[in-house]
Amino acid sequence: MLKPNSSRAVAPYLLAAGVVLLTAAARWLLRPLLGDQLVFAPFFFAVFVAAWAGGLGPALFATFASLALALVVFIPPADSLVPASTVGTIGAVLFVAIGVIAALLGESRLRAQARAEAAQRAAEAHFRAMAESSPLGIFVTNPTGDCMYTNRTYQQISGLSPEQALGTGWSQAIHPEDRAQVFQEWYDTAQRRVHFRSEHRFAHADGRVVWTRVNAAEVKEGQRLVGYVGLVEDITQQVAAQAALQQSEERYRAFIEQTAEGVWRFELENPVPIHLPADEQIERFYADAYLAECNDAVAHMYGYANAAQMIGTRLADMMPRTDQQNLEYLRAFIRSGYRLTDAESHEFDRDGRERYFLNNLIGIVSDSHLLRAWGSQRDVTTSRQADAAIQASEARFRSVFKSGMIGIAFWNGERMTDANDTLLTMLGYTRQDLDEGLLRHGRLTPPGHEEADRRATEETRVRGSCLPYEKEFFRKDGSRIPVLVGGARLGDDLRDAVFFVLDLTERRRAEDRLRQAERIEVVGQLAGGMAHEANNQMSVVLGATSFILARDDLSQVVRQDVEYIREAAERTASITRQLLAFSRRQILQPQTVNLNAVVRHVEPILRRTLTEQQTLTLQLDPDAASIRADPAQLDQILLNLTINARDAMPDGGFLTIRSSNVMLTDQYVAMRPGISIVPGPYTLLSVMDTGQGMDQDTMKHLFEPFFTTKSVGKGSGLGLAMVYGIVKQSGGYIWAYSEPGLGTTLKLYFPSVAVAIPEASAGAAEQPAPARGGTVLVVEDDPLVRGMACRSLASAGFKVLEAANGREALALAAATPGLSAVLTDLAMPEIGGRELAQRLGELRPGVPVVFMSGYTDDDVIRRGLLENGVPFLEKPLSPEVLARTIRQILDQHVPGS
């Protein structure tokens, strides 16, 4: 309701009165046209204006004022407030009703407007309260951008008072360098009718610069733009922090790019739930993980030029899942809660080369899912390979240290600090002795080696190592052992050194055996030469005694003397045969034989050789391989060894002869240095007795000719020398094993042959055909032997031609068309027997050649390679044997046969 004393309350009534009067005046003017018609219609305008402007009171005032004027002025009877007709009454009532309605509507509008204004005032107050308390600067402009309001925060940020900011004054706060940019951005957003966003600087009058972030939005009433409201945020600290962060990131990037440490980030295309089993997570790693970021150092580790070439590489291409070490590496990553330190991975670079990396990594987990992993790595391939090489070297040294091939010890300048079992066993000490410090220089080294040790020590100090040198060590039991010693220092001085010790005992034994073999070889050469000459002379003696004994005019005394001469000559010939066997210069006639058959053939003779208190046992391997040897010489070997065994067992005992197949391996050969042994299959003949045995000094001379342990008159000392020569000439080896009181064993090794010869007794020899005469050419450089051979053949009815050498023989053969046979010595100057036979074969094909010799230096003959079936006569020659042999040869070569 209006208040009378209120000017604002009176004004609507005055407006209503004025509008009523104006309307009445207008109707008065229109009276000539309208007359008494439409009296109330014009006054509706006044009522509506009063209702709109003043509400209920002014509207009712205007209604009744208009009604009064209409009744008094325009509706007859004039000056009356009562209408003259019913129509007029109805019109007056309707006018009043409409006026009341308009008054009510006007009042309702004014009340609503008042409420809106109150709400607007409240909103403005609320806005101002919020704006003044806001930590952000707030400004309001009109549609043209003129500032209408700023809050305190804006004033603080901009440095402008409210008055200074009004209108376009706000632009003075913008930094001069940013002003053009801000105006352009404001213009662009206004044109596009979008929100304004900008980050720029404010410059205060005192020179302080403030970084701001400005956001502004349109304010509309419906579709009408009424202005802009904006927020200003002071981001000086954020910009500074961002600049510091950017600087830090730049320093970090520079550090990452420059560091030799590899830095990487792996992303997972599909995050992996951490509740999955470890193996399933690993499957997901290999399926989804890829390299998202790395520095150049990582790329270089894998053989790439830069990081860009490597981005996107799959985990499976870098870390093979076939390597169990890598799978365990990933399992450890999972078990540790996705955080690993100094974990090694085994990977491959782009060229397929093995690489080893030491990694530090951490997984990023969010919402129970592994999203990515960050890590750093170092390439430890070189050190890993070096470690492997060191480990391999240590393993090799450890294998050598424990192998038993050589003694090894570590030395601290005073004593051994460690040694392998080989050295301890070599010296007879225990490991406890070593720990107690018993292995010292003064305890180990005998007198006489001081100068050699001093030189070795000085050489090791200067050069770091010394050349091996020979010396002796004392064993724990006081005995001496020959050794080869070499050493090296492991540090800067001799307090950390290693030395190697090789036992030379076997080497010294081998050297002794070699010297013994060389001595036997020299003796054999001398014995062979003597035997050759003796054989020639015995051929003359035996021939002469045969001719003398063939005479009928000899007295009994003379005949007896000649018999003595022949017997002595035959015994001498037997000795020369043994010497030739020892010197390996006798002529063997080897053939493939079954060793078991040879033993069984001579078994009766061997048993008769032994005494009743001595027992012979044969242990013959039925599968023993055949050998190539002269059967007669094998008989002689068995007989000689049986006789020696018999004499070694005067009180009775056992003699065992055994055959077997053996394989002489490279290891066996290595155990006998200094002796040339061909590895391969051999047939072994062992002869073992339980006799008195021999000491080592006796063993050194065992195979030397004329050496015997028997009393004078009981042995010539040629038995074992002959055995030695036959075995060696047959391509075999012989070893003797004996100790006093433990008997003796001789092992004879013959090369095995593939041809199997069954055990069978020899058949009866074929009888020679009847004798026939013929012409025989005798070729011999010794005139006495030649003369005796010619006389023997002539006495037997042969025509004899003689030649002193090969040239004379060829000339006679060419001049003698009826030549029946040739008897030639094997060893002759210029043209030897074999060459003569070959040339005679070309000159006189079909003429048989018979060889004779005491021994030969021909290498082919010495190795027993005369062809099987070639006739051969061994000196000294017996006239009867010579004549009988020539007859047999001629009977076998009948012309035309």
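Guide: Let us begin with a term: a disulfide is a pair of cysteine sulfur atoms within 2.5 Å. What you have here is a predicted model, and by that definition the structure holds zero disulfides.

Visitor: Okay, and what about Cys294 and Cys466, are they buried or exposed?
Guide: Cys294 counts as buried because its relative accessible area is 9%, and Cys466 is buried as well, with a relative accessibility of 11%; the cut-off for buried is under 20%.

Visitor: Let's switch to the strands. How many residues of β20 are buried?
Guide: Strand β20, which covers residues 680-689, is mostly covered, with nine of its 10 residues buried.

Visitor: And which strands are joined to β20?
Guide: Strand β19, residues 653-664, runs antiparallel to β20 and is joined to it by 10 bridges, and among the facing residues Ser660 stands opposite Leu684 of β20. Strand β22, residues 744-753, is also antiparallel to β20, with eight bridges between the two, and there Val687 has Leu746 in β22 as its bridge partner.

Visitor: What order do the strands take in the open sheet of five?
Guide: The order is β12-β11-β15-β14-β13, and the pairing in this open sheet is antiparallel. Strands β12 (416-419) and β13 (465-474) stand at the edges, and because each has a single partner strand, one side of each is left without a neighbour in the sheet. From one strand to the next, the twist averages 30°.

Visitor: How many bridges join β14 to β15 in there?
Guide: Seven bridges join β14 (residues 480-489) to β15 (residues 497-503), and these two run antiparallel; within this pairing, Val485 stands opposite Val501 of β15.

Visitor: Which helix lies across β13 and β14?
Guide: That is helix α18, made of residues 450-463, which lies across both strands and runs at about 150° to β13.

Visitor: What lines the largest cavity?
Guide: Its lining is made of 21 residues, and those nearest the centre are Trp264, Phe266, Leu315, Leu330 and Ala373. The elements that give two or more residues to this lining are β6 (262-273), β7 (289-294), α12 (315-318), α13 (324-335), β9 (354-366) and β10 (369-379).

Visitor: And which element gives the largest share?
Guide: Strand β10 does, as four residues of the lining come from it.

Visitor: I also see α10 on screen. Which of its residues are buried, and what covers them?
Guide: In helix α10, residues 278-288, the buried residues are Gln281, Ile282, Phe285, Tyr286 and Asp288.

Visitor: One last thing, where does His175 lie, and what does His175 touch?
Guide: His175 lies in the loop between α7 (162-165) and α8 (176-192), and His175 is buried, because its relative accessible area is 14%, which falls under the 20% cut-off. Leaving aside residues up to four places away in sequence, His175 touches Arg201, Phe202, Ala203 and Val209.

How values were computed. Residues are numbered from 1 along each chain as its sequence is written. This is a predicted model: local features need pLDDT of at least 70, side-chain atom pairs count only at pLDDT 80 or more; totals for chains, interfaces and linings use all residues. Side-chain values use heavy atoms; hydrogens and water are left out. Buried means under 20% relative accessible area, exposed over 50%, partly exposed in between (1.4 Å probe, protein chains only). Two strands pair if DSSP finds at least two bridges between them. Axes are lines fitted to C-alpha atoms, for helices over the stretch in contact, and angles run from 0 to 180 degrees between N-to-C directions. Contact means heavy atoms within 4.5 Å. On a 1 Å grid over the protein atoms alone, a cavity is a set of points where a 1.4 Å probe fits but cannot get out, and a pocket is an open set with protein on both sides within 12 Å along at least five of seven lines; lining residues have an atom within 4 Å of a point.
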